[in-house]
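My entries follow in the order I made them.

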Amino acid sequence: MLFILLGVLLLHLVILILLIVSTAASAWSVGGNKSKDLWFDCLTTSGTYQCKHASNEEWIQAVQALMILSCIFCFCALIAFLYQLFRMVKGGQFFFTAIFQILASVFVMCGAIIYTVMRPDDATITHFGYAYVLAWVAFPLCLISGLIYIVLRKTE
């Protein structure tokens, strides 16, 4: 049982790192010498790196908020898991942790879907970047983690 709890904790930490990196990284859309993320639009010309703030459109603000909420809920789920691990009675389930983790997966899914549909139309931006891919990788991992927490019972 110790190895299962350790594995779930490690999975949770990996998911949290993926969410933080995908939210903060500057490569949601890339192409040539331009990159766009949730916060900045950057251009690289002859060794200089120039960035300006992302647009103030509602859809990008919604993606920003959803990705931040997913990080917050994943972190709260980690704290709840650690608290329940030491305070919960034998035989109890980690429902509170599971709810937070599943909400985090829903938030990251919604944010990635909105970005996919509303991605800025720019001829120089040719493909999605690694931060966008990390967000999509974090979604199923987060959902699986939440389902594991639903099934998991505390034993001694």
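I began with Ser29, which stands opposite Phe128 in strand 5. Strand 1 (residues 29-31) and strand 5 pair in the antiparallel sense over two bridges; two strands count as paired if DSSP finds at least two bridges between them. Strands (E, at least two residues) and helices (H or I, at least four) are DSSP runs, numbered from the N terminus.

Before going further I noted the conventions. This is a predicted model, where local features need pLDDT of at least 70 and side-chain atom pairs count only at pLDDT 80 or more, while totals for chains, interfaces and linings use all residues. Residues are numbered from 1 along each chain as its sequence is written, and side-chain values use heavy atoms, with hydrogens and water left out.

Phe40 stands opposite His53 in strand 4. The hairpin of these two strands has two residues between them, and Ser46 takes a positive phi near 40 degrees. Zero of the six residues of strand 4 are buried, so the strand lies largely in the open. Buried means under 20% relative accessible area, exposed over 50%, and partly exposed in between (1.4 Å probe, protein chains only).

I then checked Gly129, in the loop between strand 5 and helix 4. Gly129 is buried, with a relative accessible area of 6%. Leaving out residues up to four places away in sequence, Gly129 touches Ala27, Trp28, Ser29 and Val30, contact being heavy atoms within 4.5 Å.

Which elements cover the buried residues of helix 1? I listed helix 2 (58-87), helix 3 (95-118) and helix 4 among them. The buried residues of helix 1 include Leu5, His12 and Leu19.

Phe95, Leu143, Leu147, Ile150 and Val151 make a nonpolar patch of about 430 Å². Its largest share, four residues, comes from helix 4 (residues 130-151). Patch residues have over 30% relative accessible area and no salt bridge, and nonpolar side chains (Val, Leu, Ile, Met, Phe, Trp, Tyr) are joined within 5 Å. Leu147, at 44% relative accessibility, counts as partly exposed.

Technical notes: Patches are made of residues with over 30% relative accessible area and no salt bridge: like charges are joined within 9 Å, nonpolar side chains (Val, Leu, Ile, Met, Phe, Trp, Tyr) within 5 Å. Accessible areas come from the Shrake-Rupley method with a 1.4 Å probe; for residues, only the protein chains shown count as cover. A salt bridge is a side-chain nitrogen of Lys or Arg within 4 Å of a carboxyl oxygen of Asp or Glu.
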